[in-house]
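Please look over the model below alongside these comments.

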Amino acid sequence: MTEDFIYLSLSELIDGFKTKQFSVSEVVKSLINRCEKFKPLNVYITECFENALKKAADSDQRYANGNNLPLDGAPLGIKDLFCTKDILTTSGSHILYNFVPPYESTVTSNLLNNGAIFVGKTNMDEFAMGSSNKTSYFGPVINPWKSKNSDKDLVPGGSSGGSASAVAAHLCYGALGSDTGGSVRQPASFCGIVGLKPTYGRCSRYGMIAFASSLDQAGTMTKTVEDSAILLKAIAGYDDRDATSSKEAVPDYASFIGKSLKGLRIGIPAEYKEKVASKDIEMLWERGINVLREAGCEIKEVSLPHTKYALPAYYIIAPAEASSNLARFDGIRFGYQGEGETLQEIYENSRDVFGKEVRRRIMIGTYVLSSGHFDDHYIKAKKIQRLILNDFLNAYNDVDAILTPTAPSGAFAIDEEITDPVQMYLNDVFTVTVNLAGIPAISVPFGYTNDGLPLGLQVISKHFREDLLFQIGAKLESDSGFKSWKE
């Protein structure tokens, strides 16, 4: 067989290993060569090629002996905020330029125990703060897609842009991302791949470098919906080292792929329609509605009245938690240490290496948590968060899942200067409500802009009903006519 195995899905790749169509070592060597060819995309902060080749030989031996593991030999990318034992972990920041964890995060440990191979640690917005992957200390990631009308480099979205671009460019067969306000789903839409944000607590956060602890959740970025189901099965589950992880049983998610949608009730939120300014997005959404209607779903309009407060509430809660979480980076315990004659000077000079976006969010967070502002801002934002959750719970009395666009636009040019940070924050307008409510959602590539760039549709379901996401997402995928990127 030729190296067309590069374009296979994760499930197809594993089937090929099992039937001896190609070896793990053969695939990994080819993938490493491809990573060198596409190095200008800047998707990996740390390449794990030497270790990947050793792991590939081990996987080949297990396949030969007939005792292979569920994900044996699967080459994956890992967002660089998941701690990986003895592998540099930076969270895209200068302050962690030399941090090599002595322990493994739970989700990456689960992947390793299932036989997965890590190709590299993927680039990301610094401390997961951004929607473009332009805030990384290690430089911006480039989206492999190009507009039909321009040769300009495009952003991959953020903050999991490195993972999204790596999967889209076939530099790994799946990747881990993290989603705090849309950081898996929005880049998935920009890069034409599948992005899943599970229920809060579905996956352990142990070993994740925190941005906003009450919102962060590990997610999967894959070529297909089935691949997403396979990876979630591997990483989900209770962890006694994370008090917020759930003991809810982990089903065989892949078994829901292909199930009939007849009788399912799909909600269309009226408030989201008001935020659709693009004809491309409007037509895409309508086509998705028609696909589900023809599949036997009942389409119903629902109301999520507090949606208009979601972005302001999110950009109070997330920076507040970030301010608290990032206080630990002081230049003393680990990471970059600035020079100074006093402890105060060392603190100041160490934290001076934070990027502009991280500083902005720390300052906002510190302000809203300060005496005299805590009640006026943070407490009110938390009350709005509860109202947003209630909106979804009320809607789910009438529907089983909700269908929306994933992002308000396709990918934009890297050199497109957005001086107003609020304009950048609006990229999360369709995604932040999901994180505030703690519910799961999936982005599925479904069409293109007039410039030929990918656009995704988002399916949102009830707590721990990821099975519905895969069931509905697979139908959208099969009827989308979408073709993944190839050079």
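The points below cover the model's basis, a helix and some salt bridges.

1. This is a predicted model; local features need pLDDT of at least 70, side-chain atom pairs count only at pLDDT 80 or more, and totals for chains, interfaces and linings use all residues. Residues are numbered from 1 along each chain as its sequence is written, and side-chain values use heavy atoms, with hydrogens and water left out.

2. Helix H16 spans residues 466–480, 15 residues in all (helices are DSSP runs of H or I, at least four residues, numbered from the N terminus). From first to last C-alpha H16 reaches 20 Å, close to the expected 21 Å (1.5 Å times one less than the number of residues). Just after H16, Gly-481 has a positive phi of about 70°.

3. Eleven of the 15 residues of H16 are buried, so the rest of the structure largely encloses this helix (buried is under 20% relative accessible area, exposed over 50%, partly exposed in between, with a 1.4 Å probe and protein chains only). Among the buried residues are Glu-466, Phe-470 and Ser-480.

4. The structure holds 20 salt bridges (a side-chain nitrogen of Lys or Arg within 4 Å of a carboxyl oxygen of Asp or Glu). Within H16, Asp-479 pairs with Lys-475 at 3.4 Å; the two are four residues apart, about one helical turn. Asp-479 is partly exposed at 33%, as is Lys-475 at 27%.

5. Asp-330 and Arg-333 form a salt bridge at 2.8 Å, N to O. Asp-330 is buried at 8%, whereas Arg-333 is exposed at 55%.

6. Glu-47 and Lys-39 form a salt bridge at 2.6 Å, and a network of salt bridges links Glu-36, Lys-39 and Glu-47.
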